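Trainee: I'd like to learn how to read a model like this one, feature by feature. Can we go through it together?

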Amino acid sequence: MTELNLSEEERLYFSLKGLFESYGYSRFQMRRFEEYSLYLENLNFLKSRDIITFGGRDGRLLALKPDVTLSIVKNCKGSEEKQRKVYYRESVYRPDRPGGQFREISQIGLEYIGDVDSYAQLEVLFLASESLAAIGGGYVMDVSHMGALEGIANSCGMDSLPDEVFGCMRARNLHDLKEVCISCGMGEDAAGKLRTLLSAGGSNKKKLTVLRSLFPESAKCLEAADELEELLNALGEESTAFGIDFSLLNDPAYYNGVIFQGYIEKFPRAVLSGGRYDNLVKKFGAGKGGAGFALYPDELDFYFKKSREYDADALVLYPKDIAPAEVLKVVKKLSDEKKRVLASSIVPEGKRFKTIIKL
């Protein structure tokens, strides 16, 4: 990460720190490693199953943490608090892509654990959108609901959708979906309904209408549609940045409600992801439910480079014999005007400045 990008990440973090604390979240800090068994027992929850392990002096097998949420939920086990609202800035250690090299990956996020009611879910979703807005520029948020997936499976006489069907839906592979559904015993009618649902276009209202019309007998599908509609209505003007996408899916063993991914304009990959994970919280005995999200500043390196035409708004170029107080006076004035400023006795090589002020 370059010096400029680190500065951008710091700027973003302190902006989000103030935002999260203003909504009652407190800083959560953790160790860099956990017992490997924590991850071994929850491999499906992780983005990658490749984990860096090492032996502790007491004989336990330890791991550099590949995930933050698991550590936080584990820490909340047995807590008597009905609500735990925490935010974090941590590094995780995992491959940057399947088969890739291990990297230290920075995350900024928050978790709401305990009694997660309708307002708590709305708050988490709102703060996720505000986190994207803090980056600058336009953004969009894809949103879905795992309850709809469970309802669809139940309507086909199954507890959960087969992995092959799940994978086709997640990849939006409409070409093979029919054949896969039939081979898994779901039938041609179910395949047709899934194709219709995944290919539904238009407004969010229209997509919810499609879900309700395809599975009118499924209470879980109807409840999922109602919750999504309620959340989007409650978001008001902010809801224009949200788009329902039923191909957005997470592991149902951990996730059970609203899930979402955030994107910024002119950048192809998701820079934020999150959702409701009551099943994970209950598994650890840490409360009734949980919701949260993580923002990935490392994904923004390229974006920050391209979005900044200049390395700083102003270069204050001063002679070496000037009084330092005079330089500080000019720099402080520019900083108070919310400008990015660099003071130097020479022009730095390879840097671009909107304005050069010679003292």
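Mentor: Helices here are DSSP runs of H or I with at least four residues, strands are runs of E with at least two, and both are numbered from the N terminus. Before going on, keep in mind that this is a predicted model, where local features need pLDDT of at least 70, side-chain atom pairs count only at pLDDT 80 or more, and totals for chains, interfaces and linings use all residues. Residues are numbered from 1 along each chain as its sequence is written, and side-chain values use heavy atoms, with hydrogens and water left out.

Trainee: Is Leu235 buried or exposed?

Mentor: Buried means under 20% relative accessible area, exposed means over 50%, and partly exposed is in between, using a 1.4 Å probe and protein chains only. Leu235 counts as buried because its relative accessibility is 4%.

Trainee: And which residues does Leu235 touch?

Mentor: Contact means heavy atoms within 4.5 Å. Not counting residues up to four places away in sequence, Leu235 touches Leu122, Leu125, Phe126 and Phe242. For a sense of distance, Leu235 and Asn256 are 21 residues apart along the chain, and their C-alpha atoms are separated by 21 Å.

Trainee: Let's zoom out. How many helices and strands are there in the protein chain?

Mentor: The chain has 13 helices and 14 strands. Its C-alpha trace spans about 85 × 55 × 40 Å along the principal axes. Of its 359 residues, 48% count as buried. Take contacts between residues at least 6 apart in sequence: 68% of them join residues at least 24 apart.

Trainee: What should I look for in the nonpolar interior?

Mentor: In soluble globular proteins, nonpolar side chains tend to be buried together. A nonpolar core is a set of buried Ala, Val, Leu, Ile, Met, Phe, Trp, Tyr and Cys residues joined through side-chain atoms within 4.5 Å. The largest one here has 101 residues, and those with the most contacts inside it are Phe20, Ile72, Leu132, Val165, Met169, Phe260 and Phe293. Helix α4, residues 118–135, gives the largest share of this core, nine residues. Another core lies apart from it, with five residues, among them Ala314, Val327, Val331 and Leu334.

Trainee: Which residues does Ile72 touch?

Mentor: Leaving out residues up to four places away in sequence, Ile72 touches Phe28, Met30, Val86, Tyr88, Glu111 and Ile113.

Trainee: Why does Asp278 count as buried?

Mentor: Asp278 gets that label because its relative accessibility is 7%. Asp278 belongs to helix α11, residues 278–283, and a 2.8 Å polar contact joins its side chain to that of Arg276. Beyond residues up to four places away in sequence, Asp278 touches Tyr254, Asn256, Lys288, Gly289 and Gly290.

Trainee: Where does Arg172 lie?

Mentor: Arg172 is in the loop between α6 (163–170) and α7 (174–183). Look at its backbone: phi is near 50°, a positive value in a residue other than glycine. Arg172 counts as partly exposed because its relative accessibility is 37%.

Note on methods
Polar contact = N/O pair within 3.5 Å; in protein donor to acceptor, adjacent residues only side chain to side chain.
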